[in-house]
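Biologist: Can you put the model up on the screen? I would like to go through it with you.

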Amino acid sequence: MGKLTGFLKDVVSEMRKVSWPKRKELTRYTIVVIFTVVFMAVYFGLVDLGISEVMEWYLAL
């Protein structure tokens with residue numbers, strides 16, 4: 001039990017040293033992540049659609 005208590009104290013100590021982002025930075029990072037996720041979803045959706053169309057065309061031969 002002593003090891004667990006020591007570990008938790010170390011965690012709290014390290015968390016106090018963390019440099020948390022300011023609100024403006026956090027907002028900017030969030031927008032970048034959302035934009036990247038949407039872009040990748042559209043990109044892979046289009047690639048999937050293209051591959052599906054090619055496969056349907058090939059199988060219809």
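**Working through the model**

Modeller: Leu49 is partly exposed, because its relative accessibility is 48%. Bear in mind that this is a predicted model.

Biologist: Where does Leu49 sit in the secondary structure?

Modeller: Leu49 belongs to helix H2.

Biologist: Let's step back. How many helices and strands does the protein have?

Modeller: There are 2 helices and 0 strands. Helix H1 takes in residues 2-17, and helix H2 takes in residues 23-60.

Biologist: What is the radius of gyration of the protein?

Modeller: The radius of gyration is 24 Å, whereas a compact globule of 61 residues would come out near 10 Å. Along the principal axes, the C-alpha atoms fill a box of roughly 70 × 35 × 10 Å.

Biologist: What percentage of the residues count as buried?

Modeller: The figure is 0% of the 61 residues. The accessible surface is about 6200 Å², and carbon and sulfur atoms account for 72% of that.

Biologist: On to charges. How many positive and negative side chains are there?

Modeller: The protein carries 8 positive and 6 negative side chains. The centres of those two sets lie 24 Å apart.

Biologist: How many salt bridges does a search of the whole structure find?

Modeller: The search turns up 1 salt bridge. The partners are Lys17 and Glu14, whose side chains meet at 3.3 Å, N to O.

Biologist: Where are Lys17 and Glu14 placed?

Modeller: Both are in helix H1, 3 residues apart, which is about one turn of the helix.

Biologist: Why does Lys17 count as exposed?

Modeller: Lys17 counts as exposed because its relative accessibility is 59%, and the class begins over 50%. Glu14 has a relative accessible area of 46%, so Glu14 is partly exposed.

Biologist: New topic, then. How many aromatic pairs does the structure hold?

Modeller: The structure has 2 aromatic pairs. One of them is formed by Phe35 and Phe39, and this pair is stacked, with 6.5 Å centre to centre and 20° between the planes.

Biologist: What separates Phe35 and Phe39 along helix H2?

Modeller: About one helical turn, because Phe35 and Phe39 are 4 residues apart in helix H2.

Biologist: How accessible are Tyr43 and Phe44?

Modeller: Tyr43 is partly exposed at 44% relative accessibility. Phe44 is partly exposed too, with a relative accessible area of 49%.

Biologist: Back to helix H2 and Tyr29. Why does Tyr29 count as partly exposed?

Modeller: The relative accessibility of Tyr29 is 47%, so Tyr29 counts as partly exposed. Tyr29 lies in helix H2.

Biologist: What is the C-alpha separation of Tyr29 and Glu53?

Modeller: It is 36 Å, for two residues that are 24 residues apart along the chain.

Biologist: Now the other helix. Where is Gly2 found, and why does Gly2 count as exposed?

Modeller: Gly2 is in helix H1. Gly2 counts as exposed because its relative accessibility is 57%.

Biologist: How far is Gly2 from Phe39?

Modeller: From C-alpha to C-alpha, Gly2 and Phe39 are 49 Å apart in space and 37 residues apart in sequence.

Biologist: What about the separation of Thr27 and Gly2?

Modeller: Their C-alpha atoms are separated by 40 Å, and the two residues are 25 residues apart along the chain.

Note on methods
Residues are numbered from 1 along each chain as its sequence is written. This is a predicted model: local features need pLDDT of at least 70, side-chain atom pairs count only at pLDDT 80 or more; totals for chains, interfaces and linings use all residues. Side-chain values use heavy atoms; hydrogens and water are left out. Buried means under 20% relative accessible area, exposed over 50%, partly exposed in between (1.4 Å probe, protein chains only). A salt bridge is a side-chain nitrogen of Lys or Arg within 4 Å of a carboxyl oxygen of Asp or Glu. The radius of gyration is taken over C-alpha atoms; the globule rule is 2.2 Å times the number of residues to the power 0.38. Accessible areas come from the Shrake-Rupley method with a 1.4 Å probe; for residues, only the protein chains shown count as cover. Lys and Arg count as positive and Asp and Glu as negative; His and the chain ends are not counted. The place of a charge is taken as NZ of Lys, CZ of Arg, CG of Asp or CD of Glu. Rings of Phe, Tyr and Trp (its six-membered ring) pair if their centres lie within 6.5 Å; planes under 30 degrees apart count as stacked, over 60 as edge-to-face and the rest as tilted.
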